[in-house]
Amino acid sequence: MSELRTAHVVVVGGGVIGLSVAWRAAAAGHRVQLVDPEPASGASFVAGGMLAPIAEAWPGEEELLELGSTSLERWPGFADELSRASGLPSGLRREGTLVVGVDSADRAELDELAGYLSRQGRSVTRLSGREVRRLEPSLGPAVRGGLEVPGDLAVDNRSALAALRAAATAAGVEFVAAPARAVRAGVVELEDSTVDCDVAVIAAGARSGELHPSLRGRIRPVKGEILRLRARATALPPPSRTVRGPVHGRPVYLVPRDDGGLVLGATQYEVGFDTEVTLGGVRDLIADAEQVMPGIAEYQLVEARAGLRPSTDDNLPVLGWLEPGVLAATAHHRGGFLLAPVTADAVLALLRGDEPDALIKATDPNRWGGQQCTS
């Protein structure tokens with residue numbers, strides 16, 4: 001696309017990615033409308049808020065590791081800017097992450113992760129079970145070892161969403177409370193009207209594939225169930241760090257909140273657009289969490305929800321031109337909050353007409369064999 005210094009931009013989708021893009025685009029001088037019937041809802045409202053590219057790294061996903069690490073470096077500045085723009089706390093937590101294991105197979109997985117990270121030039125600290133419990137006394141004796149990842153961060157997702165909406169409003173973003181039906185060059189089709197624009201940005205999460213032919217069949221929903229808990233007066237306080245890891249091969253994470261809360265997640269199911277919480281999912285989450293932190297049984301159950309992660313086959317997001325006037329900034333899988341800074345920066349660069357760097361080119365829709373839009 002040619003440079004658009006003062007474009008009329010319509011962002012379709014009001015989750016963390018859509019709000020971040022809308023805020024930053026409006027702050028850069030663009031006229032911005034955001035189309036979403038319920039902004040700050042959906043998967044972003046349910047998310048655990050981990051900013052953990054190192055702890056989530058895995059062989060074969062080197063481009064995702066690099067993209068996540070780059071965005072993580074930008075998060076402190078992004079959070080400071082967000083707080084100033086909104087007048088609200090960003091929700092950023094800097095305590096780091098512990099990756100723990102219970103049985104021998106779990107510990108072997110941790111060894112594999114540590115070895116892989118070492119080969120990638122990224123170090124973590126190996127800990128015995130005793131050392132893990134010294135750092136986080138609420139963890140139980142079943143935890144036999146772990147990895148300390150001090151560089152990974154976390155964010156209170158709901159605090160961040162409130163700040164993003166306030167910052168977007170202060171920057172002049174106009175909110176259009178309607179569902180989008182389709183997006184094409186210069187036009188966003190709503191239920192009973194259309195919105196004209198210079199550029200439309202598709203940031204509609206798991207529903208993005210329904211909005212443009214180039215995304216159809218490329219983005220699928222992956223269901224995740226999450227419990228929100230709160231420590232009662234008689235219970236041990238939650239850990240100060242994010243605690244995650246395999247428990248008998250199943251992933252589980254515990255993400256603390258400032259108010260004594262704890263987010264427990266997350267199951268993963270390929271079940272289409274089902275957002276109902278299942279008894280089996282709740283059972284597995286609680287059983288696995290009790291292996292890591294036995295005192296969690298004394299916590300109050302505050303909320304149980306399910307969200308839909310927008311996912312691709314290679315777990316990379318989709319970020320680039322679909323056709324002249326239509327950008328995709330979607331399919332961030334587990335990394336919506338993590339990748340918000342780098343995604344917003346990339347969209348602004350694309351609006352300026354800049355050539356994407358190598359990291360962003362890896363996320364281009366052209367990777368599936370389509371024709372890349374350059375003009």
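**Close-up views of a predicted model**

View 1. Of the 50 residues that make up the largest nonpolar core, L51 and V201 are the ones that touch the most other members. Helix α8 (residues 336-352) supplies the largest share of this core, 10 residues. Apart from this core lies another one, of 23 residues, including V100, V243, L262 and I296. A nonpolar core is here a set of buried Ala, Val, Leu, Ile, Met, Phe, Trp, Tyr and Cys residues joined through side-chain atoms within 4.5 Å, and buried means under 20% relative accessible area, with exposed over 50% and partly exposed in between, for a 1.4 Å probe and protein chains only. Helices (H or I, at least four residues) and strands (E, at least two) are DSSP runs, numbered from the N terminus. The model is predicted, so local features need pLDDT of at least 70 and side-chain atom pairs count only at pLDDT 80 or more, while totals for chains, interfaces and linings use all residues. Residues are numbered from 1 along each chain as its sequence is written, and side-chain values use heavy atoms, with hydrogens and water left out.

**View 2. The surroundings of L51.** When residues up to four places away in sequence are not counted, L51 touches L72, W75, L92, D152, L153, A154, V155, F337 and L338, where contact means heavy atoms within 4.5 Å. In soluble globular proteins, nonpolar side chains tend to be buried together.

**View 3. An aromatic cluster of W23, W75 and F78.** Ring pairs link W23, W75 and F78 into a cluster, and the count of aromatic pairs comes to 2. Rings of Phe, Tyr and Trp (its six-membered ring) pair if their centres lie within 6.5 Å, and planes under 30 degrees apart count as stacked, over 60 as edge-to-face and the rest as tilted. W23 and F78 form an edge-to-face pair, with 5.5 Å from centre to centre and 65° between the planes. Because W23 belongs to helix α1 (residues 16-27) and F78 to helix α3 (residues 62-86), this pair ties together parts that are 55 residues apart in sequence. The rings of W75 and F78 have centres 5.1 Å apart and planes at 70°, so this pair is edge-to-face. W75 and F78 both lie in helix α3, 3 residues apart, which is about one turn of the helix. W23 and F78 are both buried; the relative accessible area of F78 is 3%, and W75, with a relative accessible area of 1%, is buried.

**View 4. Helices α3 and α8 where they cross.** The axes of α3 and α8 come within 7 Å and cross at roughly 85°; axes are lines fitted to C-alpha atoms, for helices over the stretch in contact, and angles run from 0 to 180 degrees between N-to-C directions. The two helices α3 and α8 are therefore roughly perpendicular to each other, on a scale in which angles under 35 degrees count as roughly parallel, over 145 as roughly antiparallel, 65 to 115 as roughly perpendicular and the rest as oblique. On the α3 side, L67, G68, T70, S71, L72, R74, W75 and F78 meet F337, L338, L339, A340, P341, V342 and D345 of α8.

**View 5. Two arginines over phenylalanine rings.** The charged end of R158 sits over the ring of F45, 3.7 Å from its centre, and the charged end of R165 sits over the ring of F175, 5.1 Å from its centre. A charge sits over a ring if NZ of Lys or CZ of Arg is within 6 Å of the ring centre and within 35 degrees of the ring normal.

**View 6. Backbone details in three loops.** The peptide bond from G265 to A266 is cis, with omega near -10°, and A266 lies in the loop between β17 (261-265) and α7 (279-292). N315, although it is not a glycine, has a positive phi of about 65°; N315 is found in the loop between β18 (300-311) and β19 (318-323) and is buried, with a relative accessible area of 16%. H333, likewise not a glycine, has a positive phi of about 50°; H333 lies in the loop between β20 (326-330) and α8 and counts as buried at 11% relative accessibility.
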